[in-house]
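Here's a quick briefing to read alongside the structure. Take a look at the model first, then work through the points below.

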Amino acid sequence: MEVKINKQDSNIIVEFIGRLDTPASVEASQAIEPVLADAGKTIILECKELSYISSSGLRIFLTIRKAAAAKGGKVIVRNITDDIRHVFMMTGFLNLFEIQ
Amino acid sequence: MKMKEALGNSSIRDFARGGLMLILIAALTLEATSIIQFYFSQKGIKEEARLRAESEMEATQLKILDVVDQAEAAVRNSIWIAQWCLDFPDSLPSVTRRIVTDNPVVAGSTVAMVPGYSKRRPLFSPYCHKVPGIDTLCFKSLATPEYDYPSQSWFTEPLRLGKGYWSEPYVDEGGGEMLMTTYSVPIFDRKGQAAAVLTADISLDWLTELVGGIEVYPNAFNLVISREGQLMVCPAESLVMQRTFMEMAAKAEDTTTINKLGRSMMSGRSGQIEFKQKGKRYHAFFAPVERTGWSISIFIPDSEIYGSIRRIGAFVKLLQILGIVMLILILRAVAKNQMKYKEIADKKERIENELQIARGIQMSMIPKTFPPFPERHDLDICGIIVPAKEVGGDLYDLFIRDEKLFFCIGDVSGKGVPAALVMAVTRSIFRNIAAHEDRPERIVSDMNESLSDMNESNMFVTFFCGVLDLTDGHLRYCNAGHNAPLILTTDKRSLPIFSNLPLGIISDMEFKGQERYLCYDDALFLYTDGVTEAENSAHEQFGEQRLSDVLSSRRSSIEHLKAMEEAVAAFVGDAEPSDDITMLSIHYLNDKVPEGLERHLTLHNDIQQIPRLSAFIDSIAEKAGLDSSLSMSLNLAMEEAVTNVMLYAYPKGTEGDIDVEAYISPDMLEFTISDSGMEFDPTAAPEADTSLGVEDRKIGGLGIHLVRKIMDSVTYNRENGKNHLSMTKKI
């Protein structure tokens, strides 16, 4: 699992590469700490390379979303695969995120 | 067999020998009794013969004496008148006539004057006698020069002796002209001088008649001999007065004895004597006739005396022989019967032997050498049929073809030879079909066709057939009405089976096959209902629970079977086993099963183990031919479930294992997660509300939600201190 954070002026692009399973989420949750501090910006979660997500991964997504909501930011989930979309659907996450 | 025949023959021989012995003893006993009886009878009969002879002789003697007495009396009574007439010789003829007339026994009489006593009649002997056949008396003078009476013994002897004298028998030529004997007494005158001799003749014809009339036995003959041994009465009349007894004796075979007899008789003794003549044995009884010096003897041939007893003896012997013959016939019949019984017994034994052989043949069809494939280390197989008393119809079989283990177990309905035959047929059909068919459902349905076609006896076979791919543990199986085998993995359970109908009931039946994977160390335990339905004396059945209990700890196949056999035997106790007990244990030990094919996974309670789970699930999904999205869903659900256990079943800081098992069947995946942590039922957690907005959304509770969403069924149970979470997914 790799998490790439690319901070730009108005937005932060967080790229998830690989599997976001439970052990990966432990690392990922540390990696996104800086993102949470900047949650007032538009956060783009780039999921082109995200092949798998478990509930722990979803929790990270939700944590980011909650932080953004608190700081008036915006979260966009981009390029999710059908499988992950299915997981989002099962968990009602489709309603919580703006999916592009 | 040869040995047995020989034994049989020898016992028949013994019997025959025994029979012969019996006959011999019977014959000897009979012979001995008849000899003893014969001996005593002979003694009695001889005694009787003696008594009869003696009484006859006595009677004859009395009759003779009567005659003799009469003659003597006739003479004595006339002595006085003869004395009176001495002086008047011419009156003497009237004296003689009176004697003859008055005494019927007297055949003739004379008064013979002593020569010269009378001056007038110096020689004078007027004789009066009867002539046979003529009623009148004849008179003649004996004083003729030819006759010369003074020289005759009847004249000389009484004068010499001075008393009455019985002459030797003689044929009186010139006198009586017949065979006669004469009693003569001397007559003395008043001065005491011998003056004349007075005689009375007795014809011996009556004696012949009298003695000849004695018939003690039909072929006995009688003799009378005189003092001098002359034959007076004799069966050969020509010899009468012609021979003496001693002359005859000289010609006899046993001269000594006959001479002795002659001497005894002539000396007036009585007695008996035995001798042989011309091959015949004779008994001679003899007794004297008093006064006359005669001797009567009766000769009885041995055969006459013992004739009757010999006839009886012969008859008895005939009866004995008949008896012995009957005994032999009876013994033969008994021996035949005995042989028949022996034959029946032999036949029974042969049938039993044949049944035994049939049983042997039947058992020889069953693989009995274990390990059956000693060169293979990926299989540990052991099978057994513990036969009940009767020949039964249980079977199992196994063989390897193309790296596949074909195995089966079955139970033919009913018992005895028919079941055994059907069993043999079933086994050979299995071999035939499985030789070219890999799919168990095809094997089973083909077998069903064959068995239904020829099933006129309405017998059926419960059957389970499996084909295990030894390279990857892929087990395909098909059940036909048999009880479910047990599968031993980390735990033990019944192999899921479609029950289907037994073989041989209906043709054109569709049999559905099933499949799953076996992992390293997995085992199958196949059995017939002889195990679970084994009854003890209280008619309780061994049952599936006991069966399952015995298999609880991991053992090798042979240990399983031994343990099961012992457990059943201990349970049944003294009760007679009613059915074959058949078991087959297949222990799969292929440690080279590719990683991705492993169906069992043990994890530590560490979330870092999740990638292993992921790889495990992926391999299952791949094996099950699932697409990537379904694979991912399964991954997700399993990860959530396992993570739950890791986080909640084991309190922080405690270590524990989590077992994951996956079962693949054609239309379903089944997963079981087992752990020995705290009791934890994830299905009891409240349903997460996925409709809430961001602010209200809970961080937790999503995992079990996903499990529920993805899986078709989720069930939890706690057993033996373990949590088991089972999930199924239709595919």
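Where in chain B is D521(B) found? In this predicted model, D521(B) sits in the loop that links strand 20 (513–517) to strand 21 (523–527) of chain B.

**A closer look at D521(B)**
- D521(B) counts as partly exposed because 16 other C-beta atoms lie within 10 Å, and partly exposed is the class between 12 or fewer (exposed) and 20 or more (buried).
- Along the sequence, D521(B) and T489(B) are 32 residues apart, yet their C-alpha atoms are 7.2 Å apart in space.

**Where chain B touches chain A**
- The contact is made by 22 residues from chain B and 20 residues from chain A.
- Sorted by class, the chain B side has 8 nonpolar, 9 polar and 5 charged residues.

**Two helices packing in chain A**
- Helix 1 (residues 22–31) and helix 3 (residues 55–71) of chain A pack at an angle of about 25 degrees, and their axes are 7 Å apart.
- So helix 1 of chain A is roughly parallel to helix 3 of chain A, since angles under 35 degrees get that label.
- T22(A), S25(A), A28(A) and S29(A) from helix 1 meet S56(A), G57(A), R59(A) and I60(A) from helix 3.
- The residues of this helix contact split into 2 nonpolar, 5 polar and 1 charged.

Conventions
Residues are numbered from 1 along each chain as its sequence is written. Chains are lettered from A and ligands numbered from 1 in the order in which they are written. This is a predicted model: local features need pLDDT of at least 70, side-chain atom pairs count only at pLDDT 80 or more; totals for chains, interfaces and linings use all residues. Helices (H or I, at least four residues) and strands (E, at least two) are DSSP runs, numbered from the N terminus. Two residues are in contact if their C-beta atoms, placed from the backbone, lie within 7 Å. Ala, Val, Leu, Ile, Met, Phe, Trp, Tyr, Cys and Pro count as nonpolar, Asp, Glu, Lys and Arg as charged, and the others, Gly among them, as polar. Axes are lines fitted to C-alpha atoms, for helices over the stretch in contact, and angles run from 0 to 180 degrees between N-to-C directions. Angles under 35 degrees count as roughly parallel, over 145 as roughly antiparallel, 65 to 115 as roughly perpendicular and the rest as oblique.
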